[in-house]
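Here is a predicted model.

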Amino acid sequence: GLKRWIIYCPGDEDFLKDRFGNLPFDVTSDALTDVKQYPNAHKASKPLEIIQRIGEIIFIPSGWHHQVMNLEDTISINHNWGNACNVDIMYEKLSSDLKQIEHAISDCKEMDGWNAQCQKILL
């Protein structure tokens, strides 16, 4: 089926974050025009929009923020690549997320298997 892709250049995802540092669930939402909630959204470049048709393949390079919407019933096969171009980014992200998880459940640190639990939550 048809899919609509909205793709942002590397770095533009930082402009899309709300005042708390969270990315929007939907980059097409009118909420992005609220400068109190999304103070830098207007700085993002205009995204590339693509309609993918049956049998077509889309490759998204590392670091390109994107959102995909199925416009019809769709079956897709996706693969997220870990490679030399993004291994440092992946490591930093996983390390940062693990630290946040460890902090969030630090009150349970004395439980058996705490480190393993943090790893399960990370995945």
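Q: How do the residues of the lining of the largest pocket divide into nonpolar, polar and charged?
A: The lining divides into 16 nonpolar, 15 polar and 8 charged residues. Gly counts as polar in this division.

Q: Which residues lie nearest the centre of the largest pocket?
A: Ile60, Pro61, Trp64, His66 and Asn80 do, out of 39 lining residues. The volume of this pocket is about 1,500 Å³.

Q: Which elements give two or more residues to the lining of the largest pocket?
A: They are β1 (3-7), α1 (12-16), β3 (66-70) and α2. The most comes from α2, with 5 residues.

Q: Why are α2 and α3 called oblique to each other?
A: Helix α2 (residues 87-104) and helix α3 (residues 114-122) pack at an angle of about 125 degrees. Roughly perpendicular ends at 115 degrees and roughly antiparallel begins over 145, so the pair counts as oblique. Their axes are 9 Å apart, and the crossing is right-handed.

Q: What makes the contact of α2 and α3?
A: From α2 come Leu94, Asp97, Leu98, Ile101 and Glu102; from α3 come Trp114, Cys118, Gln119, Ile121 and Leu122.

Q: How many residues of the contact of α2 with α3 are charged?
A: The contact has 2 charged residues, besides 7 nonpolar and 1 polar. Asp and Glu count as charged, and Trp and Cys as nonpolar.

Key. Residues are numbered from 1 along each chain as its sequence is written. This is a predicted model: local features need pLDDT of at least 70, side-chain atom pairs count only at pLDDT 80 or more; totals for chains, interfaces and linings use all residues. Side-chain values use heavy atoms; hydrogens and water are left out. Axes are lines fitted to C-alpha atoms, for helices over the stretch in contact, and angles run from 0 to 180 degrees between N-to-C directions. Helices (H or I, at least four residues) and strands (E, at least two) are DSSP runs, numbered from the N terminus. Angles under 35 degrees count as roughly parallel, over 145 as roughly antiparallel, 65 to 115 as roughly perpendicular and the rest as oblique. A crossing is left-handed if the near helix is turned anticlockwise from the far one by less than a right angle, and right-handed if clockwise. Contact means heavy atoms within 4.5 Å. On a 1 Å grid over the protein atoms alone, a cavity is a set of points where a 1.4 Å probe fits but cannot get out, and a pocket is an open set with protein on both sides within 12 Å along at least five of seven lines; lining residues have an atom within 4 Å of a point. Grid points are joined across faces, edges and corners, and a volume is the space filled by probe spheres set on the points.
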